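Morning, everyone. Please have a look at it first.

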Amino acid sequence: MPLILGLLGSPLPHGNTALLLDRALAGAAEAGCAVERVNVPLLTFEPCMEILHCMTAPECAQFDDLTQFYAKVVAADGIVIATPVMTMGMPGKLKGFLDRFQVFYWAKYGRREPLVPKERRSQRHGLLLAISGLPRGTEPRVFDGVLNSTRAWFDIVDVTAGEELLIDHMDEKRDLAGFPALLEEARAMGQRLGTRACEGRRAPPGG
Ligand SMILES: Cc1cc2nc3c(=O)[nH]c(=O)nc-3n(C[C@H](O)[C@H](O)[C@H](O)COP(=O)(O)O)c2cc1C
């Protein structure tokens with residue numbers, strides 16, 4: 001069964017971003033995928049300490065809660081990043097999580113020995129769900145930080161960047177439960193991601 005990994009950047013396990021992620025994962029499950037939600041702020045790990053062990057070896061020299069996710073990111077058939085905007089970027093803990101995947105960067109671009117098998121790269125897709133408090137009308141660049149880091153990370157871990165649902169002005173909307181059309185959009189995006197993951201699994205090797 002294909003696996004869809006959902007990375008939650010919000011520290012609130014039942015907040016608006018979590019609700020959005022759960023809807024997307026429910027859509028992926030409807031498509032026939034196994035889903036796993038990771039509450040990143042609740043993990044205990046250090047940021048990348050630039051030991052640079054991964055420049056020459058296919059692993060990270062730091063061992064903590066994050067270590068298990070290297071294998072999971074390789075195994076995943078699709079990845080959802082769900083995050084609020086904080087200080088015009090993604091929350092520090094989520095950014096720290098993504099930074100630790102420098103081990104994939106050096107394998108792919110330094111040694112040309114990517115950790116994700118070549119034939120799987122085009123079959124893995126990403127989905128971004130992001131929420132800002134401020135309106136894009138007055139803060140046109142409010143999602144830029146989240147978009148830049150997410151797209152860069154998807155490239156590093158060999159996930160094809162896919163759909164992006166950006167919900168602004170949450171300070172006014174307050175409770176996403178009152179916006180069923182947006183929740184349905186998240187579910188539909190998750191379902192499309194799941195369907196692609198299932199198709200990817202059925203594709204012949206090398207396809
Ligand atoms: C520490 C912090 C920093 C924030 N910085 C921004 C910001 O720079 N721009 C913005 O539009 N919203 C900002 N927000 C608002 C959040 O993006 C918004 O409240 C979002 O709905 C939080 O999602 P959650 O409740 O699922 O965690 C910030 C919120 C917090 C807690």
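Strands β4 and β5 are paired over 4 bridges, in the parallel sense. One of the residues involved is I131, whose bridge partner in β5 is I167. To get from β4 to β5 the chain goes through α6, and this β-α-β crossover is right-handed. Keep in mind that this is a predicted model.

Now β4 itself, residues 125-131. Of its 7 residues, 7 are buried, so the strand is largely enclosed by the rest of the structure. Which residues point which way from β4? H125, L127, L129 and I131 point one way, while G126, L128 and A130 point the other way.

On to β3, which covers residues 78-84 and runs parallel to β4, joined by 7 bridges. Within that pairing, I79 has G126 of β4 as its bridge partner.

Stepping back to the sheet: in what order do the 5 strands come? The order is β2-β1-β3-β4-β5, in an open sheet with parallel pairing. β2 and β5, the latter being residues 164-167, are the edge strands, each pairing on one side only. Ignoring direction, neighbouring strands are turned by 10 degrees against each other on average.

At the β2 end of that order, β1 (residues 3-8) and β2 (residues 34-39) run parallel and are joined by 6 bridges. Here I4 has V35 in β2 as its bridge partner. Helix α1, residues 16-30, makes a right-handed β-α-β unit together with β1 and β2.

Back to α6, the helix on the way from β4 to β5. It has 13 residues, 144-156, and at 1.5 Å a residue it should span 18 Å; the end C-alpha atoms are 18 Å apart, which agrees. Its buried residues include V146, T150, W153, F154 and I156.

On the face of α6 turned away from the buried side sit N148 and A152, which are exposed. After α6 comes D158, where phi is positive, near 60 degrees.

Note on methods:
Residues numbered from 1 in each chain as written. Predicted model: local features only at pLDDT ≥ 70, side-chain atom pairs only at ≥ 80, totals over all residues. Pairing = 2+ DSSP bridges. Helix = DSSP H or I, 4+ residues; strand = E, 2+ residues; numbered from the N terminus. Right-handed = clockwise from strand over helix to strand, strands pointing away. Axes fitted to C-alpha atoms, helices over the stretch in contact; angles between N-to-C directions. Expected span 1.5 Å × (residues − 1). Buried ≥ 20, exposed ≤ 12 C-beta atoms within 10 Å, placed from the backbone.
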